[in-house]
Every structure is written in structure tokens, then in C-alpha cells.
Amino acid sequence: MNTGKILWVDDEVELLKPHIFFLQEKGYEVDSCNNGYDAIELVQENPYDLVILDEMMPGMTGLETLPHIKDARPSLPVIMVTKSEEEHIMDKAIGSKIADYIIKPVNPNQVLLSIKKNLHSRQLETEQATADYRAEFGRIAMAVSDAKNFADWCSIYRKLVSWEIELTDSADQSIREVLAYQKEEAGNEFSKFVRRNYSNWINRKEDDTPIMSHTLMRNRIFPVVDTNQKTTLLLIDNFRYDQWRAISSALSGLYDILTEDFYCAILPTATQYARNAIFAGLMPLAIDKLMPNLWLNDNEEGGKNQYEEDFLRRQMQSTGRNYKLSFDKLIRPEAGRKLIDNINKVYEADFSVIVYNFLDILSHARTETEIIRELTEDEAAFRSLTRSWFEHSDLLTLMRLLAEKGHTVIITSDHGTIRVDNPIKIIGDRDTSSNLRYKTGRSLNGYNSKEVYEITRPEEIQLPKSNISSSYVFAYNRDFFVYHNNSNQFIKYYKHTFQHGGISMEEMIVPYIVLRPKS
């Protein structure tokens, strides 16, 4: 383990020689001085990793010395040592941003523990996390091979995401590569699982059919609204479980988590299909048959999600619910500010729905803007950017206001997104859909049917057809479709971008969170 260079400041420094020898034996380089003036000068001239500072010194006290040290080296951790246990002195020291506080008489192990906590905690944590994941690797592999239903896969996905977050800052590149390999293998098995079971789920041929997009409102969301005086649904487009983990700590002072679960997004995992299914409570084929004037196929001109509120009101009516409803779709930043200015409409509703499109915009911006690509080069960077956005967003302001008014909040999405890197060539006519993760049209060919999920009879999984011979083809995991002409340019442009529409844990295992405001 790397140790460090320490400055110990104490007017009785001669009495501390045994402590200093102890630290030197542990590998630390230790300088010492007996007054605040010398301490300031030494800090200005030397690259110390940590300062141990006595609070009670003649001339310039430790508390008087501390601001000068912080002026010279703002990020330098300082451990304060004092004989006094008076609370106001502790408060003043902590308010001056000390790293730790030790009461005399000190013992060597006490000092060593404080140093380790401030200098090596990240390294010790990552070393322990690496060891823990190595022990967990076999158990996850066994869970993947034994997974029998969607709930099993949710558990596996939760563990893999947790380890991905835990090992983000690990200095051990090899362990991150092992995790990435295990996640890829799990993704391959999940794709096979979906291929075997999806049609049965859609046609209710299995007892353990998961909650899916078209049953989410009826089975999960309406029951929460029924039992709470005020409920707000935040549907954040493209929102994944790892992004929920990234923002959840920012909400810990506002809400308690009542439910942290998942549901299964329908195919295609694209806004037009999955979100319309949520609000209509119907599969896309049924929407097209019952409300043909409100459904547009991929090859038709016009907005594909213009009637979500109409779908929701119809579903409420069909289930006998007459909530006072507020519905808002926030696509541009100014829409969030406008809703905050008109927040009373949300307060007054029994059930308020806010569709938030920022992450979808961010995903597309990442594809099209070089600087956003650089800021989100991998999943960890994308999580970091998501958290930074959330902490400064109108959405967090909205959630603070809702907490103050006692609203129960549900956070979910219509689908997730996955970073693609493996091109699959396909041939289609001019009316073929443009999405990179699924294709629908009448002349799809040129692909290996073993590499995709091919649906030649869309009605069997309750999807509409743009013409009588239409089929659907879905990409697995990190695959994306490219055409044979100009394929190299297309691959270069879209490789390593975040896309949705196909089959993966990231796209289909969607977080479903219920939050209760703290008292």
C-alpha cells in the first residue's frame, strides 16, 4: 500500500517521538514542528498528504493556524488533536472543515486509524470490493445458469449493476474486465430467455408472466394511487436502474423508498410502442385496432406519442377510476420551469403524471455531439453525467416541492438503453423503420436468423403491421443493425452510442420505484 507524507504540529512534539517512530515503521514519512507559524511555512513549501494539528498551542492556536493551512492547501486533510472535550471547540473545528478529531491522550493505533481513514479509505474499500466480487463471481454465474423466470433475472441484474457501481473506481482493471465479461455472458443468456418466453408472456400462456408495459398501470400504479391521497408518476424516458442508483442518494433527505422493483418493457423497447402501451393498458396491436386514428406505424408521418393522456383517461375509465388527473410532458428545459411556476395544478390533482424526456434527449445528443460523447464515454461516465444533471435540474426542484406537499412519488420509465458496439448487417426497402435496435418492414433479409429475434407474424406478439407482409427483427445485447451500403461510415458514427428498441437487460428490466415523503 502507498503510504504518505505527514506533518505533525504540537508544542510538545518531543513527547510524541514514540508515536512518530510508530508511523515511520508503518511506512509514513513524518515531519514535525512545535508552532503554527512554522507549520504554515512547511505546508507552503512541502507536498504533505495530511497534517496532524494540536489545538492548544501557545502563540498561534491550532484553530488559528487551520485557516492559513487551508488557504495554502484547500484540499489537504487536517486531523485536530486537543485536550478539550468542550462541544463549542469541536463545533468550531468541524465547521473549519477538519478531516477528523482526536481527544488527548492519543494512542498510536488511534492515530493510525484516522490516517488510514483519510488517506487510504478509497484504496482499502476498492481492495475489499475486489475481494468480495471475486467471492461473489461463482454465485452469480450459478444464478445465471439456474434462472427460470423474470424475477430471477431481475435479481441477477440488480447484483451486476451493484457490482458495476461498486467497482467503478477500482484500480484493478482486470477485475472490471471480469465483471464486464460476466455481464456480457449474462446478457447473452437473458436474450435466449426472452426468445424462449416472450410470446408466451404476451399471450398469457405462463403462470409467472411478469408485469409488462401494458399491465403496469393496472397492476402496479393504480393500486398506489388508490391507497394514497396524492400520487405523482414521474416517467423518465430511457431511465435505467444504474441511473436510479446514481440519483437516489440525492433524494435520501426527502423520501423513504417504499418499493424498489422492476417490470418488463415490451418489444420493441422504443417510446412509440412501450410508452403508448403503458398509458393505454393495451398492446400496440390492440391500440391500432381499437383506436386506429390514434396509432401511427413506423413508416407513417407524424408524431407517434401525441395521445398519451387520451390513452390514460380511457384506461382510467375502463377500470372505473375517476381520479382528478394532471398530465404534463416535459420535452424542453423551459417546460420544467413552466410547470414549477404552475405547480398548483399538480398539487390539486389526485393523480399527476409527468413525462420527462431529458435522458432521451441526452442519449441522442451523445450520438450527435462530439463533446457529449467525450463526457459519456462509458456507463460510469453516463451515470455521473445523469447525477450531475439531476442535482441541478428542475426535476429535483419538482420533487422537493412534491415532498413538501406529501405526495407519494412513483419513478419509472418506458424502457432503458444500451451502449452498442457490434454491427449486424441487414437489407430492407425504403419503408423499413430507422431504429438501430429493431427493424420492421416487408422486405427484411440479409441477416443470420440465429443472431436476431425474428418475428414473421407480428400479430403473434400483439404488434401491428404496416402492410400485409411486414415482419419484425430485434437485435440482442450490444448489437445494432446497419445496411450493406455505406456500412463503414454508419458503423463509425453509431458504434459506442446508447440505443434502445431491442432485447437486453438494460432495455427490458425497467426500474419501478415508489417513494414516500419523509415526515
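Start with the rings. Phe-150, Trp-153, Phe-190, Phe-193, Tyr-198, Trp-201, Tyr-273, Trp-295, Tyr-438, Tyr-453, Tyr-472 and Phe-474 are joined by ring pairs into a cluster. Keep in mind that this is a predicted model.

A pair of aromatic rings is described by two things: the distance of the centres and the angle of the planes. The structure has 27 aromatic pairs. Take Tyr-273 and Tyr-472. Tyr-273 sits in helix α11, while Tyr-472 sits in strand β15, so the pair ties together parts that are 199 residues apart in sequence. Both tyrosines, Tyr-273 and Tyr-472, are buried.

Now look at Phe-382 and Phe-498. This aromatic pair is tilted, at 4.4 Å centre to centre and 35 degrees between the planes. It links distant parts of the chain: Phe-382 belongs to helix α18 and Phe-498 to strand β17, 116 residues apart. Phe-382 and Phe-498 are both buried.

Lys-5 lies over the face of Tyr-48, 5.4 Å from the ring centre. Lys-405 lies over the face of Tyr-347, at 5.0 Å from the ring centre.

Next come the charged pairs. Side chains of opposite charge can pair when their charged atoms come close. The structure holds 30 salt bridges. One of them joins Arg-387 to Glu-391, at 2.8 Å from N to O. Both residues lie in helix α18, four residues apart, which is about one turn of the helix. Arg-387 counts as partly exposed because its relative accessibility is 27%. Glu-391 is also partly exposed, at 34%.

Glu-507 and Arg-437 form a salt bridge as well, at 2.5 Å from N to O. Glu-507 is in helix α21 and Arg-437 is in the loop between β12 and β13, so this pair ties together parts that are 70 residues apart in sequence. Here both Glu-507 and Arg-437 are buried. Elsewhere, salt bridges link Glu-164, Lys-183, Arg-240, Asp-242, Arg-383 and Glu-506 in a network.

What about a buried charge with no salt bridge? Asp-479 is such a residue. Its place is in strand β16. The nearest side chain of opposite charge is that of Arg-437, 6.1 Å away. A salt bridge needs the nitrogen and the carboxyl oxygen within 4 Å. Asp-479 does have a polar contact of 2.8 Å, side chain to side chain, with Asn-422. Beyond its neighbours within four places in sequence, Asp-479 is in contact with Val-420, Asn-422, Ile-424, Arg-437 and Glu-451.

Notes: Residues numbered from 1 in each chain as written. Predicted model: local features only at pLDDT ≥ 70, side-chain atom pairs only at ≥ 80, totals over all residues. Heavy atoms only, no water. Helix = DSSP H or I, 4+ residues; strand = E, 2+ residues; numbered from the N terminus. Buried < 20%, exposed > 50% of the residue type's maximum accessible area, 1.4 Å probe, protein only. Lys, Arg positive; Asp, Glu negative; His and termini not counted. Polar contact = N/O pair within 3.5 Å; in protein donor to acceptor, adjacent residues only side chain to side chain. Contact = heavy atoms within 4.5 Å. Phe/Tyr/Trp six-rings, centres within 6.5 Å; stacked < 30°, edge-to-face > 60°. Lys NZ or Arg CZ within 6 Å of the ring centre and 35° of its normal.
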